Amino acid sequence: LSGLDPAQPYFQGTPITVRLDKSDAEFVDVIHTDSAPTIPYLGFGMSTAVGHLDFYPNGGKQMPGCEKNPVSQIVDIDGIWEGTRDFVACNHLRSYKYYSDSIIYPDGFLGYACASYDVFETENCFPCPREGCPNMGHFADKFKGKINNNFMKLYLNTGEAKDFALWRYKVTVTLSGKSKVKGYVNLALYGSGGNTRQHQIVKGTLQPDNAYTSFIDAEVNIGTVTKVKFLWNNNWLNPTFPELGAATITVQSGEN
């Protein structure tokens, strides 16, 4: 039984006979996409964990792509009716869009077990444990035999628009050079399954011999890494013409 952003008003905090609960089926998975408080944020979805697996994409409150201005949202690529619905309840409706996308990407939407979304953004919940990570959506039941009796909260990030699936990588860059500069470092990953766009790893002071770690939520499952593109920029003309390189770049896939 899959709950697609089950309703918050009149249901949250009520007895299990009234609302969705993991006792309702052998396996209950839930996608929370609009779990901000109804007052004052008009969140329509339940925030409490009620299933065997509870997924909170992007933290479960504000979905990427739902912050568009009203005009661009109503005049939607899928038509005015779809755009109007998204304007009224964009976060709430993301749940079924993620679910339908998950059918197309059976290896996508990995959920990382974590205490909160803030902790998910650190290195504490990465990579997946030995038993793996469940997939949010249609293929969540592949994880059925690996759950215990506790509530399991899972976090992940999604794209702003279809296709929503992203794949998470941890990237560590150790810089080489003679002097520190201010600027930024971008990386793009190339692999047997495809290539990513450039992702910013660090911005600010760039110190040679320092290691900088960041997460990349890539729009493609790159498979086996074949190449990494390294680009740095110091934003303005520097008469000393500093040079920076990457002594090492480590890429770790969250899945394995």
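Helices (H or I, at least four residues) and strands (E, at least two) are DSSP runs, numbered from the N terminus. The legends below describe close-up views of a predicted model.

Figure 1. The largest nonpolar core has 35 residues, and F55, M136, L175, I201 and L206 have the most contacts inside it. At least two residues of this core come from each of β3 (53–57), α3 (80–104), β5 (152–156), β6 (167–177), β7 (181–191), β9 (199–206) and β10 (211–218). The most, five residues, are given by β6. The core lies between domain 1 (1–165) and domain 2 (167–253), because both give residues to it.

**Figure 2. Surroundings of L206.** Not counting residues up to four places away in sequence, L206 touches L175, S179, K180, V181, G183, Y184, V185, Y212, W232 and L244. L206 is one of the residues with the most contacts inside the largest nonpolar core, and L175 is another.

**Figure 3. Aromatic pairs.** The count of aromatic pairs comes to nine. Y105 and W167 form an edge-to-face pair, with 6.0 Å centre to centre and 75 degrees between the planes. This pair links distant parts of the chain, 62 residues apart: Y105 is in the loop between α3 and β4 (112–113), and W167 is in strand β6. W167, at 7% relative accessibility, counts as buried. The pair of Y112 and F126 is stacked, with 5.9 Å centre to centre and 25 degrees between the planes. Here too the pair links distant parts of the chain, with Y112 in strand β4 and F126 in the loop between α4 (117–120) and β5, 14 residues apart. Both Y112 and F126 are buried.

**Figure 4. Aromatic cluster and charges over rings.** One aromatic cluster is formed by Y56, Y112, Y117, F120, F126, Y155 and F215. R168 lies over the face of F215, at 4.2 Å from the ring centre. At Y190, the charged end of K227 sits over the ring, 4.5 Å from its centre.

**Figure 5. T172 and its contacts.** T172 lies in strand β6. Its side chain and that of T213 are joined by a polar contact of 3.0 Å. Leaving aside neighbours within four places in sequence, T172 is in contact with A211, Y212, T213, T248, I249 and T250.

**Figure 6. The loop between α4 and β5.** P127 is found in this loop, and the peptide bond from F126 to P127 is cis, with omega near 0 degrees. P129 also has its place in the loop between α4 and β5. P129 is partly exposed, with a relative accessible area of 42%. The C-alpha atoms of P129 and G254 are separated by 9.3 Å, although the two residues are 125 apart along the chain.

**Figure 7. Backbone exceptions elsewhere in the chain.** Most residues other than glycine have a negative phi, and most peptide bonds are trans. A cis peptide bond, with omega about 5 degrees, joins K162 and D163; D163 is in the loop between β5 and β6. D5 is not a glycine but has a positive phi of about 50 degrees. D5 lies in the loop between β1 (2–4) and β2 (29–31) and counts as buried at 1% relative accessibility. N58, also not a glycine, has a positive phi of about 55 degrees. N58 is found in the loop between β3 and α2 (70–74) and is buried, with a relative accessible area of 11%.

Technical notes
Residues numbered from 1 in each chain as written. Predicted model: local features only at pLDDT ≥ 70, side-chain atom pairs only at ≥ 80, totals over all residues. Heavy atoms only, no water. Core = buried A, V, L, I, M, F, W, Y, C linked by side-chain atoms within 4.5 Å. Buried < 20%, exposed > 50% of the residue type's maximum accessible area, 1.4 Å probe, protein only. Domains from an automatic or database assignment. Contact = heavy atoms within 4.5 Å. Phe/Tyr/Trp six-rings, centres within 6.5 Å; stacked < 30°, edge-to-face > 60°. Lys NZ or Arg CZ within 6 Å of the ring centre and 35° of its normal. Polar contact = N/O pair within 3.5 Å; in protein donor to acceptor, adjacent residues only side chain to side chain.
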